Amino acid sequence: MPVAGIDVGSKLTKVVIMGENKKVLSYVVMRTGTDHKKTSEEAFEEALKKAGVAREDIKKIVATGFGKISAPFADEELTQIMAAGKGAYYVRPTTRTVIEVGAEESRAVKLDENGNVKDFALADKCAAGAGSFVDAMIRYLEVTPEEFGQLALQATRAIPMNAQCVVFAESEVVSLLHSNVPKAEISRAIHDAIADRVAAIARRLDIQDDVLLIGGLAYDIGFIDSMKRELGREVYVPEEYPPEVIPAIGAALSAL
Amino acid sequence: MGKNVDDLAQLKQFKEWFDNRHEYAKKWKKKTGGKVVGYYCTYVPEEILYAAGVLPVRILGSHEPESITRPYLHDMYCPFCHDTLAQGLEGRYDYLDGVTLAQSCLHMRQSYFSFVDRVPNIEWDYYLPFPHGVTNPYAADFAKHEFENFKAAVEDWLGVTITDRDLDRAIEVYNKNRELMTKVFEMRKADNPPITGLHAMYMVVSSQVVDKAEHNEVLEGFVEELQDVENDREIGTRLMLIGSEDYDKELFELIEYGMNYPATFVFEENCTGARYFWGLVENGDDRLMALAKRYVYRVPCPAKDWARGDFFGRRRFQFIEEVIKDYNVDAVIIAQMKFCDPHELDIPALREMLDNMGVTHLHLELDLTQPVGQFRTRVEAMIEAMGEEDLFI
Amino acid sequence: MVTVQESEYWRWPESIWVDESKNWQDAEVISCGIDLGSVSTQAVVMLDGELYAYANMRTGTSSAASAEKAVNAMLEKIGDMKRDDIHYIVGTGYGRVSIPFAQKTITEIACHGRGAVYVYGDKVRTVLDMGGQDLKAIKVDSRGKVINFLMNDKCAAGTGRGIEVVCDLLSIPITEAGQLSLQVDEEPEPVSTTCVVFAKSEILGLIRKGWGKERILAAFFNAVASRVVELLERVGVEPEFAITGGISKNIGVVKRIEDKLGLKALEPKYDPQLAGAIGAALFGRALYIKSKK
Amino acid sequence: MEVKVRPFDCWDDFKNYRIEYYKNYLEAKDKGGIRWAGSAWSFDPVPAGLGEDVYPLTGEPYGATAAFFREFSVRALETIERKGAARDLCGYMRNYWGSVAMDKYLLADGTEIEPFPKPDFNFTIHICCTHAKWYHYAAELEGGVPTYAVDISVGPGYQLDDKKIEYVVRQLEDAVTWMEKVTGREYDDELLIKAVENEAKSMTLWSKICKLNQAVPAPMEEKSMFSFYVMTLLRRSDEKVVKLYEKLYDEVESRVKRGIGALTHEQFRFVTDNPPPWPFLKVYRYLEQTYGAVSVGSIYTFGLGASWIGMDEKGENWIWEPAPTPEEAGYEIHDRRSALWWTAMFNLKYRASWQHEYSHWIRKQETLQMVKDWKADAIIMHLNRGCELWNMSTLEVRDYLVKNNVPVATYEGNMADPREFDEARTFNVIDSFMQSLGIEKLA
């Protein structure tokens, strides 16, 4: 019988339906909004529909992210660390370091060759909010998320910017904008700052290859580029599934 | 027509040393075959190292964002500590043979121990318990005792004996450096000071990273040349800087060269400024005691400055008060390193003192990089509040 | 790529106004002030020191273009005035250095102080201005000259932006948030607003706990108010105090500040968000007269 | 396996002492006594020589108590911030200053008293960036209370020599003269001698009690230990405190013998490092009730209140064995100087929390050895924004322990600023940690 993994995050809600054979039958991503219970219910229903599975046929539902409090119909909870680890190992078994950058939280998880979590690190509170900082900056620069990532690749120089606090960084962005610095360079500076901050967390674990980047920011080619440069090694992103559904896949796997 | 200070070869030399301090040290090593010791805090009695033929080099940061210190230092330690450790981890101090810290604040200690542990090829390290209570009558005795231990450790490491003559020579070189820099600072009392804060920063910080004897040669010429300097810059508001490790040229460039209104620093009361060199060693038969007294009684870092028994004031404040009068200071910029507790602990009282003196002041919190726009607004607003009466019609 | 519909709850409406009862051609000195902030741009025209027209727009990515846009919108509304008709233009605010057509720039602190006296009358002694990035408490004399000012420390930066962030998070239009926050039976404990980042993470926790939006807003605004009062008390608050900037329109914050201080903020005669631009225009007038002497 | 549990017989004795302590300080002047304030690390026996009616108020426990009463704490913190104190300064200190600035004094049960009872003098030490400056500013807030701080930053105990001790002793001698002058009282050396002996007894007894917690199941959990250890910080030179610890030692020893534990299900043992987030002690309750996880030892409560042999002479290994009392060491205290010498030496050498400030290495050895000796499965570290000193080395220790195969979890918080604690995040860390170690929730 199939199972479900559900991940309610601060920005997005993700649901994965998985068959007994560990095959992903469907996934759904929705904006979380403020009524978490309603959103998680809706996302779940839609995922079922997409997978063509009846609700009563679901053997078990595991929730991660905000967990059961936001998805009360779940049977069990799994922490985001475990979900990220399991999901990452599923999509890329050679992964030893998972770096997840979400809207509010960033985390790094170290895996062994069997996919067990060996150690993990969360961003210090001061360094939180990487994803939502990017959202704010996209709005600020009046570009689309795709353009924002592309822009960074066109920059001709790196501008140093506060890498630890998004609030300070934002002041610096404001200064840069008002000094007529080109958007490409500002975009690069923002991406570098975020990459610096995320790498700083990952470095608490002794980083080993492969490094897999998941979470919403793993879409952003400017960010991936900055991360590669920052870590001085190859950084992979999930190929088959969107990077933000990986923890939901992890949750589904733990339901099997 | 006088000369412009920016054209002086000596100033260019200071700047060149400041910008290329690592290259200088490497070349020095090659040339002399001597050892280089990095030091973390200005309470290290450099003379003892210098007497042993060692080049003491102050460990400083680069004001570039970094992401490699967070595994070892929590966010709440000051940006200077992160920055300095980052330099070590990035290999920029790979020429150091030894590293030392005279007991100072916890932030530095935190960073220093990680530096010792994690920067490869450091042969020698020494944590020097320097008294915290510099307002205490027994501090000099204790400091002398610790300097004896320090000297013995240096001798032991290098297999040399530091003689009284060695010490005398070192003290002489260091005192000369102090005297000359004090002279330069005193010229800034003038209505049209020959140098800006940026220039002073280049001068003082370069003295912390090069052989003092060499620095002295250039300094002598500098003092000479400054007599004829006549800058065409508008001095504007006479500012004093009170702070800690303020060696970010962006800050000086913004305030002295980048604002809507002219302003010039006439004094820096910080450890990359006057606090470093103010006060000579009064040498005598007991060299280590003479050194101990100089370091104990110099203008203290806020970490060491507190009430004790009958002494209820702050020694540093007495100095600040004198400077404000002597240098005709219009306004004070308190530039505090973010999370620096010793400074933060003094700030309410410092503000009160400045208010009582009728001196305008502004508090800026420094980080690794600076929000230039925000700072400009604050400093300009402070200057606006001081004048422009005729715009209120 | 998954696309998610974004609503812009943080956006507030732009506005343009002109005093139809006045004829600008009668004025001796026409001055213009432009307050180019990180979030919004205001342009005003004053005729001999009296407010005549304004535009209040969002700031875009180019400072010069934003200033241009606001001035043009205002001139268009006036109809027959051209930029050349203005005797003196003063720029203020974050982006002041990048307004190419301003003759002079003056900081928003001086301008807010000066403008506050125009907006609130000459009794005002303490002015609070909360912008997107910075919080300022300004003490002024009866002419609006700044005697002293204090700004937030770094860890309280972005408190104004925080309001946008929180509205966005709760999907509440920013214009309604203040009123909504007053609809609580009991004032909740404040969140810790040292910082937008911390507050946001705390608010997410409150959402998870199932707190209602009113209650969350109340907790957040309560904290913002504490922070503001802290700054005000450090600069020394006097009974005649006023709130300028966008925050003055947020009754949820204003009322809490008043409660904490035990004082009532002065009633503005004009839109307080214009204070900076008004101050700039008044300086512009003085500068023009000074230049003619 | 289910373990027998029972409350502590001497619980109320400890609780009552603490209640009395704050009351005694408050009421000291009514009885013609003397009040002094200072860090809990001050040389507590020294003012004791001024008489039997001398009552201290130590700042850190007071700050912790204030923090525990969150509403009071936030008021105090906001009050002092309005005076310009930075938010990242020591959490205890800001609560203390806030109390003084509000002119409100908090009793152990949360009762607020007005005005704040000013001390006759402040007497403190200086080792971190803060202590002496804390009381300097406090004295200014109090309108100029005489203040004396002793500099004790002479380096780690295993490198102690006579001249270092001498530096501290000379300051203490001066302090005695100064106290006589400030209070107008004649100093009684006999009282000092007694107090110095009591100090050593209290601290050594507490270290012996700590050692008993190496037993499986552990007889004490963290919250009880908090209530017990604090006596060493309130007034360790008081004979009553010695008596309390004697009683507690007997009780804990008998619990160990009878197999009485702190938890019915002890399935996980961990150690902690920093002062806890005092307003959120439920972190410990959560660990106990959800996972049967018990904190068996803490660098904070053990390192601060007890006396230990500590680092060996070579500075290589840490030894968690109780330090000797003067009696055990064969040291005779017969006059002022010998008494001051002992208290200086004893604290400088054996107070664990004064050792690990002088290198990451000491803290690493200290922590790893605690994990081993107390048979812990892991360490849960508080990245404490409220104290630079206690938070120093934490991340280096984390790294070292992970490399030595000790699982480590870290959470951020602040020992005494309720505004800097994120409950959801912290519980999330705990759950993640437990799940990654395969520790199941209790049924």
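# Briefing: interfaces, salt bridges and a few buried spots

D:T272 is tucked away in this one: its relative accessible area is 3%, so it counts as buried. Keep in mind that this is a predicted model. For scale, a search over all chains turns up 92 salt bridges in the whole structure.

**Around D:T272**

- D:T272 sits in strand β9 of chain D, which covers residues 268-272.
- If you skip the neighbours within four places in sequence, D:T272 is in contact with D:E222, D:Y284, D:S295, D:G297, D:S298, D:I299 and D:I380.
- D:T272 is buried because its 3% falls under the 20% cut-off.

**Chain B against chain D**

- Chain B brings 53 residues to this contact and chain D brings 56 residues.
- The two chains bury about 4,500 Å² between them, and carbon and sulfur atoms give 55% of that area.
- On the chain B side, B:L106, B:Y138 and B:L345 lose the most area to chain D, together 15% of what that side buries.
- There are ten salt bridges between chain B and chain D.
- D:E396 and B:R118 form a salt bridge, with their closest N and O atoms 2.6 Å apart.
- The polar contacts between chain B and chain D come to 33 residue pairs, with both residues at pLDDT 80 or more.
- Three helices of chain B, namely α5 (106-118), α6 (139-158) and α14 (341-357), each supply at least two residues of the side that touches chain D.
- The largest share of that side comes from α5(B), with eight residues.
- Sorted by class, the side of chain B that touches chain D has 26 nonpolar, twelve polar and 15 charged residues.

**Chain C against chain A**

- This contact takes 37 residues from chain C and 35 residues from chain A.
- About 3,200 Å² is buried between chain C and chain A, 61% of it on carbon and sulfur atoms.
- How many salt bridges cross the interface of chain C and chain A? The rule finds one.
- C:D168 and A:R139 form a salt bridge, and their closest N and O atoms are 2.6 Å apart.
- Polar contact across the interface of chain C and chain A comes to two residue pairs, both at pLDDT 80 or more.
- On the side of chain C that touches chain A, the elements giving two or more residues are α3 (159-170) and α5 (196-208) of chain C.
- Helix α5(C) provides the largest share of that side, eight residues.
- By class, the chain C side facing chain A has 16 nonpolar, 13 polar and eight charged residues.

**Salt bridges inside the chains**

- C:E187 pairs with C:R256 in a salt bridge, the closest N and O atoms being 2.4 Å apart.
- That pair links distant parts of the chain: C:E187 is in the loop between α4 (174-181) and α5 of chain C, while C:R256 is in helix α7 (residues 251-261), 69 residues apart.
- C:E187 counts as partly exposed at 38% relative accessibility, whereas C:R256 counts as buried at 5%.
- D:D9 forms a salt bridge with D:R6, with 2.8 Å between the closest N and O atoms.
- D:D9 is exposed at 52% relative accessible area, and D:R6 is partly exposed at 36%.
- The side chains of D:E239 and D:K243 also meet in a salt bridge (3.8 Å, N to O).
- D:E239 and D:K243 are four residues apart in helix α11 (residues 239-258) of chain D, so about one helical turn separates them.
- D:E239 is partly exposed with 37% relative accessible area, and D:K243 is partly exposed at 47%.
- Salt bridges with shared partners tie B:E269, B:R275, B:R314, B:R316, B:D346, D:K133 and D:E140 into one network.

**Helix α6 of chain C**

- Helix α6(C) runs over residues 213-235, has 23 residues and reaches 33 Å from its first C-alpha to its last.
- That reach is close to the 33 Å expected at 1.5 Å a residue.
- Is α6(C) enclosed or exposed? It is largely enclosed by the rest of the structure, because 18 of its 23 residues are buried.
- Just after α6(C), C:G236 takes a positive phi of about 95°.

Technical notes
Residues are numbered from 1 along each chain as its sequence is written. Chains are lettered from A and ligands numbered from 1 in the order in which they are written. This is a predicted model: local features need pLDDT of at least 70, side-chain atom pairs count only at pLDDT 80 or more; totals for chains, interfaces and linings use all residues. Side-chain values use heavy atoms; hydrogens and water are left out. Contact means heavy atoms within 4.5 Å. Buried area is the accessible area (1.4 Å probe) that two parts lose on being put together, summed over both. A salt bridge is a side-chain nitrogen of Lys or Arg within 4 Å of a carboxyl oxygen of Asp or Glu. A polar contact is a pair of N or O atoms within 3.5 Å; within protein, one must be able to donate a hydrogen and the other to accept it, and residues adjacent in sequence count only if both atoms are side-chain atoms. Ala, Val, Leu, Ile, Met, Phe, Trp, Tyr, Cys and Pro count as nonpolar, Asp, Glu, Lys and Arg as charged, and the others, Gly among them, as polar. Buried means under 20% relative accessible area, exposed over 50%, partly exposed in between (1.4 Å probe, protein chains only). The expected span of a helix is 1.5 Å times one less than its number of residues.
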